[in-house]
Amino acid sequence: ETCKILVELAGGMTVECVLLRMSKHSSLCVSSQVGCKQACSFCATGRMGEVRNLTTDEILSQVWIGQREARKRGWPDVANLVFMGMGEPANNIVAVSGALELLTDEGSFCLSRRHITVSTVAPSPSAVWALARLPCKLAWSVHAAQDHLRRSLVPSTRHAMAALRDAFVESLRERPSCLQQLMCEVVLLDGINESPAEAE
């Protein structure tokens, strides 16, 4: 089961978070920005452009609202959190880092860092290194391994995929063993990036 939640911010802007009921727990997908400047061709948020960053409080508010909604519905507690909503977390690293500090704090939200994932298109190798310092798992929105195709799907791409891959490999080695996994994400688009050649 899925519940989409529209959260109104100060000033009247809104962001979405999504609550998902799993078998033994609930998962919550949260946003880090209003809009996004990565301009992924298949993403509605990318067509908005980057409007503004969310504050740490606004990110945490989504989690609090999601937890409350799960209780109201009689769903299992929120135990899994993903930053896969609106925005690019690497472009709001200060607020995302501040939120993660409280989300994993035993005296606050007390979520396991092994059950929090931050997804990124990896704007640059330096952004990858900055994200690798966060207390959570990482996911890379790859979408295409070939540079020319990746640039058409993610127009903000400025670095070769090999350079971004190497940054992930090197930075993951520096992380605690429980956080060294990397999820690679691909939105499959018919006739564009789902051929056997692309898989290779």
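Tutor: Two strands pair if DSSP finds at least two bridges between them; strands (E, at least two residues) and helices (H or I, at least four) are DSSP runs numbered from the N terminus. The model is predicted, so local features need pLDDT of at least 70 and side-chain atom pairs pLDDT 80 or more, while totals for chains, interfaces and linings use all residues. Residues are numbered from 1 along each chain as its sequence is written, and side-chain values use heavy atoms, with hydrogens and water left out.

Student: What makes strand 1 and strand 2 a pair?

Tutor: 7 bridges join them, and at least two are required, so they pair. The two strands run antiparallel. Leu6 stands opposite Glu16 of strand 2. The hairpin they form has 5 residues between the strands, and Gly11 takes a positive phi near 95° there.

Student: How do you know that strand 7 and strand 8 pair?

Tutor: Strand 7 (residues 116-120) and strand 8 (residues 137-141) have 4 bridges in the parallel sense. That meets the requirement of at least two, so the two strands are paired.

Student: Why are strand 1 and strand 9 called edge strands?

Tutor: The open sheet has 7 strands in the order 1-2-3-6-7-8-9, with mixed pairing. Strand 1 (2-8) and strand 9 (182-185) each pair on one side only. From one strand to the next, the twist averages 20°.

Student: Which helices lie on these strands?

Tutor: Helix 1 lies across strand 1, strand 2 (14-21), strand 3 (26-29) and strand 6 (78-83). Helix 5 (residues 161-173) packs on the sheet and touches strand 7, strand 8 and strand 9, where contact means heavy atoms within 4.5 Å. Helix 1 runs at about 135° to strand 1, and helix 5 makes about 175° with strand 8. Such angles run from 0 to 180 degrees between N-to-C directions, with axes fitted to C-alpha atoms, for helices over the stretch in contact.

Student: Why is the contact of Glu69 and Lys72 called a salt bridge?

Tutor: The term requires a side-chain nitrogen of Lys or Arg within 4 Å of a carboxyl oxygen of Asp or Glu. Glu69 and Lys72 have N to O at 3.8 Å, so the pair qualifies under that limit. They are 3 residues apart in helix 1 (residues 56-73), which means a separation of about one helical turn.

Student: What other salt bridge does Glu69 form?

Tutor: Glu69 also bridges to Arg73, with the closest N and O atoms 2.8 Å apart. Both lie in helix 1, 4 residues apart. Arg165 and Asp166 form another salt bridge, at 3.1 Å. Shared partners join Glu69, Lys72 and Arg73 into one network. The structure holds 5 salt bridges.

Student: Are Glu69 and Lys72 buried or exposed?

Tutor: Buried means under 20% relative accessible area, exposed over 50%, and partly exposed in between (1.4 Å probe, protein chains only). Glu69 has 16%, so Glu69 is buried; Lys72 has 61%, so Lys72 is exposed. Arg73, at 42%, is partly exposed.

Student: What is the pattern of side chains along strand 1?

Tutor: The side chains alternate: Cys3, Ile5 and Val7 point to one face and are buried.
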